[in-house]
Amino acid sequence: MDKYKTETLLADALADSTSPAICTTESAAITSSLNELLRRQLSQNMPVPPEPKPDTEQVGLSESLIAAVEEILSPNTLDRSTLDLKLESLFDQLHELYVSADIDPAARKRQFIGKNGLVMSPDHCVTTQKDSLRVRAYMRAVNRAIVNSVHQNDGPLHIAYPACGPFAPLLLPLIAYYQECGLYDENDLRITLIDMQQGAVASLQMLVQKMKISGFIDEVLCLDACDYHPSKPFNIVVLEAMQHGFSREGHLAIARHFAGLMQPNGIYIPQQISLSAVINTGQREYVEQWQNRKTAVCEANMLKDVINERVELGEILRLTPASLRDLPEHKLDEHFTLIECGEVVIPALKEQEGEPLLLICTRIHPDEQELIGEYDSGITHPLADLQVFINFEPSESKPGDLVVRSGDKLKFYYRLNGLPGFLATLANGNANNG
Amino acid sequence: MDKTNHLRNLPLKVVVFATNTVAIPTINQLAQQGRLAGVIITGQLDPAQYQLESWLHHNGLTYVKYDSAETVEIPTQLQRWEADLGLAFSFPLSFDASLLDQLHLGAFHVHVAPLPKYKGPQPLYWQIRNGEVETTLAIQKVEAVSDEDEGGIAMQQSLTIDPLDTYQSLENRVAQQLPLFIGQFIEHLQEVQGALEFNSLSGESSSAPLPEQTDLYVDWSSMNSQQIANMARAGNAQFGGCVLLLGQTPINLLQATPVVHPTYGVNPGTICHIGEPEGVIVATHQGAVKLDVLSGADGVFSGLSFAERFQINAGMEFSTVSGRP
């Protein structure tokens, strides 16, 4: 704007309007004229706004979001390589936004053990978006839950995603897809995102803006999900927050808390998590099964021989929306609260090369149709319990070691605090655990 | 000449037996006062000895290197220097009668320990590691190796050990304090005309050996936060602080600070927190400790820089290595 011209106009007009002879009506008329004059003047002097150019960043993000979600929701058979590529592209877009956003590096890198488990740094969480089979299974289940519930509900569906990380990767791309395609709007879905990390919350706020989905978002909260007490129950809760062997992060504590925050007919995603104990040698399970093979590491590609060699001890914990409300709990002291889990018997084992390992295997059913099998995701790789020694003595005994023999009955507990995870004990109480 | 008159009228001639740089300020003072007869050093090949020899050479001071094969030559050397008194700073020599006969005022060990505790070559290390808040500068009469009695204490003086003292800082402070202390001893020796009174050693004794490699590993299962912090500064920088094992990788911890931090019952040695402003915090037996300064083959880093550079994450657990019982 031409500053001189505007100031002259203002001075002229004000000279008139401040004349003591002017009455109120006249003053109002002059003000109106002044405004009109200013508008006209401004419109003449303002630079012509440039023709809107396509925002390449925005276009890139939108295209990647739509491509990835379309691939995920496609009724066609899974095409892993295409899905990987599209999620990689989406990740690249999101990551570029993340690293270029004005987020305090300290907030991005902070990581700690909280009262309910490990809280990873936002920087370490972002790659979940690329864990294709996990993202696909969860997102398809979430989509199905929304599609099936949205019109049966009075008012919008309230969705919570606790411990969602900096990208809320199992939900935000889907919401952005709905927005882009005009499938649902803020009258249909109201979303609450929760994370303990300030860096994650800053990232979520930025992404919500970039994805233009702020209308869908009720709140982005920076707090421990177990300390959250909403005013109304949720229709859908989406929760992941675990590492392999259902360990380290606070999934179980958060899931139990949110089990009490749901509508009676609410949908908890995942619908079921099954944890089982098996025995195999590490060499066969982790090395020989996958070496010199060009196939992706996933449950479908596990070697039949290796599956047959495994000694299945049985399921030690099954989590469902119903079981979450009814888990037997033992509070030992302020730091130790244990959930009582299943018992298994160690059978006679065949001679094998290598020492037998106790493996905790995870299978996640986001809903009845979706499955994240063993090795499908970073969170479902079998976890070896390296403190349990089956039919052999450790070369060097350490605190917490448990030596067991064929015929022993193992009783499992799940530790809720600090670093959550399974704890194997001898069921007869004679735990040789150092 | 009458020995007593010699004491009154002439400066004493002192021969210093030294193995490291702690003796340098004292040697310097004796030289400036015209009291230095000469310095006897060992033929050991270590940096401290090399530094001492370089300093003596650079300053044109009289010294000879001692080698166990040449022990018989030392009395001759002392006679040549006309030394009256010997002062030994952690010197690994068994003084025999023929040597002591050349020093008519005798020879004295200069200790930095509350004798009879912390007897050995590394009293500073073990005193810091054990969290002592005070040490003792002590001058102990040297008895001939054939004599079974330990020499008495001729003079002693306390010295505070600061909670932030490292091995190096305490050693430097001791080195700076010793010239005054030795000066006072010589004055006293002159006043009493060599007729010193000695206090005999009493109380519980303990040893202060050179720490072995296994002594430097942190035992997370038994050590509390303060013990780990003390262990780090005791070894800083002489022994690389103390050693943490992450998997099979040793990491040197040069400085640590006990902190109040919730650990939620995780195993001692588990990394509980990485981030600003608190830093890198590890659960210990009954508490938590902040890892301030770490070092490895690539250099010296703050705890946070080290964690980021070597991708160390919260939830990882340092291995426990049991050290000396």
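Strand S1 (residues 111-114) of chain A pairs with S10(B) in the antiparallel sense over 2 bridges; helices (H or I, at least four residues) and strands (E, at least two) are DSSP runs numbered from the N terminus, and two strands pair if DSSP finds at least two bridges between them. Within this pairing, Phe112(A) has His273(B) of S10(B) as its bridge partner. The model is a predicted one, in which local features need pLDDT of at least 70 and side-chain atom pairs count only at pLDDT 80 or more, while totals for chains, interfaces and linings use all residues. Residues are numbered from 1 along each chain as its sequence is written, and chains are lettered from A and ligands numbered from 1 in the order in which they are written.

Turning to the interface as a whole, 15 residues of chain B are in contact with 16 residues of chain A, where contact requires C-beta atoms, placed from the backbone, to lie within 7 Å. Strand S10 (residues 271-275) of chain B provides the largest share of the chain B side, with 4 residues. That side holds 5 nonpolar, 8 polar and 2 charged residues. Here Ala, Val, Leu, Ile, Met, Phe, Trp, Tyr, Cys and Pro count as nonpolar, Asp, Glu, Lys and Arg as charged, and the others, Gly among them, as polar.

Chain A itself contains 13 helices and 17 strands. Of its 434 residues, 41% count as buried (20 or more other C-beta atoms within 10 Å of the residue's own, with C-beta atoms placed from the backbone). Among contacts in chain A between residues at least 6 apart in sequence, 78% link residues at least 24 apart.

Chain A is divided into domain 1 (3-45), domain 2 (56-269) and domain 3 (273-433), with bounds that come from an automatic or database domain assignment. The C-alpha centres of domain 2 of chain A and domain 3 of chain A are separated by 28 Å. Their contact draws 30 residues from domain 2 of chain A and 31 residues from domain 3 of chain A. On the domain 2 side, two or more residues each come from strand S2 (117-119), helix H7 (132-149), helix H10 (251-259) and strand S7 (262-269) of chain A. The largest share of that side, 8 residues, belongs to H7(A). By class, the domain 2 side divides into 15 nonpolar, 7 polar and 8 charged residues.

Also in chain A, 4 strands form an open antiparallel sheet in the order S9-S8-S12-S13. Strand S9 (311-319) and strand S13 (383-385) of chain A are the edge strands, each pairing on one side only. From one strand to the next, the twist averages 30°, with axes fitted as lines to C-alpha atoms and angles running from 0 to 180 degrees between N-to-C directions. Strand S8 (residues 272-281) of chain A pairs with S9(A) in the antiparallel sense over 7 bridges, and Val278(A) has Glu312(A) of S9(A) as its bridge partner.

In chain B, the assignment gives domain 1 (3-191) and domain 2 (213-309), whose C-alpha centres lie 36 Å apart. The contact takes 8 residues from domain 1 of chain B and 9 residues from domain 2 of chain B. Helix H6 (123-129) and helix H7 (167-191) of chain B each supply at least two residues of the domain 1 side, and H6(B) gives the most, with 3 residues. The residues of that side comprise 3 nonpolar, 3 polar and 2 charged.

Notes:
Buried ≥ 20, exposed ≤ 12 C-beta atoms within 10 Å, placed from the backbone. Contact = placed C-beta atoms within 7 Å.
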